[in-house]
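Colleague: I'd like to learn how to read side-chain contacts in a model like this one. Could you walk me through it?

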Amino acid sequence: MVIGSFGEYIFEAKDGKTFNSLRFSRATRMASHATIEGRPVVESLGTDSAQITLSGVFSREFTGDLDDAMLELMSLQDGTARALTRGSRCYGMFIVQSIQFSEDAWNGDVLQTVTWTMQLVETRASNG
């Protein structure tokens, strides 16, 4: 079952290449102006770019070679803006800001599971 996509990368439950959580955040940009007496004046400069954190687990049971699964995910960190979707919802265009991996479970000398986290930042540019 397809959960969503990030450009050409498909998050799919059947092969274990999906995310377990999606965190969305957006902040307001503000400027503070000092005054001679009293509190500073705070001015809203609009909203900042949205940031999304995706996290999940690769398991050898589903993805096979974990090195290949990690390299496939890391290939998205090329500065290209991609549409992020979950089901029928499109969150917008995002660029990979960072990717982290944690090797979590071993069976002897064979890696069994890898936990990953990907930070995305919203962009208006197409960059490709």
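**Salt bridges and ring pairs**

Modeller: Gladly, and keep in mind that this is a predicted model. Let's begin with R82, which forms a salt bridge with E8, where the closest N and O atoms are 3.3 Å apart. R82 sits in strand β7 (residues 82-86) and E8 in the loop between β1 (2-6) and β2, so this pair ties together parts that are 74 residues apart in sequence.

Colleague: Is R82 buried or exposed? And what about E8, buried or exposed?

Modeller: The idea is to compare relative accessibility with two cut-offs: under 20% is buried and over 50% is exposed. R82 has 5% relative accessibility, so R82 counts as buried. E8 has 56%, so E8 counts as exposed.

Colleague: Which other residue meets R82 in a salt bridge?

Modeller: That is D78, with 3.2 Å from N to O. D78 counts as partly exposed, at 45% relative accessibility.

Colleague: How many salt bridges does a search of the whole structure find?

Modeller: The search finds 3. One of them is between the side chains of E122 and R26, at 3.0 Å from N to O. E122 lies in strand β9, while R26 is in the loop between β3 (21-25) and β4 (28-33), so the pair ties together parts 96 residues apart in sequence. Both ends count as partly exposed: E122 at 22% relative accessibility and R26 at 42%.

Colleague: Now the rings, please. How do I read an aromatic pair?

Modeller: Look at the distance between ring centres and then at the angle between planes: under 30 degrees counts as stacked, over 60 as edge-to-face. The count here comes to 4 aromatic pairs. Among them, Y9 and F11 are edge-to-face, with 5.3 Å from centre to centre and 70 degrees between the planes. Y9 is buried, with a relative accessible area of 4%, and F11 is buried too, at 0%.

Colleague: Why is the pair of F11 and W116 stacked?

Modeller: Their planes are at 10 degrees, with the ring centres 6.4 Å apart, so the pair is stacked. F11 belongs to strand β2 (residues 9-12) and W116 to strand β9 (residues 110-122), so this pair ties together parts that are 105 residues apart in sequence. Both F11 and W116 are buried.

Colleague: Which residues do the ring pairs link into a cluster?

Modeller: The cluster consists of Y9, F11, F19, F58 and W116.

Methods
Residues numbered from 1 in each chain as written. Predicted model: local features only at pLDDT ≥ 70, side-chain atom pairs only at ≥ 80, totals over all residues. Heavy atoms only, no water. Phe/Tyr/Trp six-rings, centres within 6.5 Å; stacked < 30°, edge-to-face > 60°. Buried < 20%, exposed > 50% of the residue type's maximum accessible area, 1.4 Å probe, protein only. Helix = DSSP H or I, 4+ residues; strand = E, 2+ residues; numbered from the N terminus. Salt bridge = Lys/Arg side-chain N within 4 Å of Asp/Glu carboxyl O.
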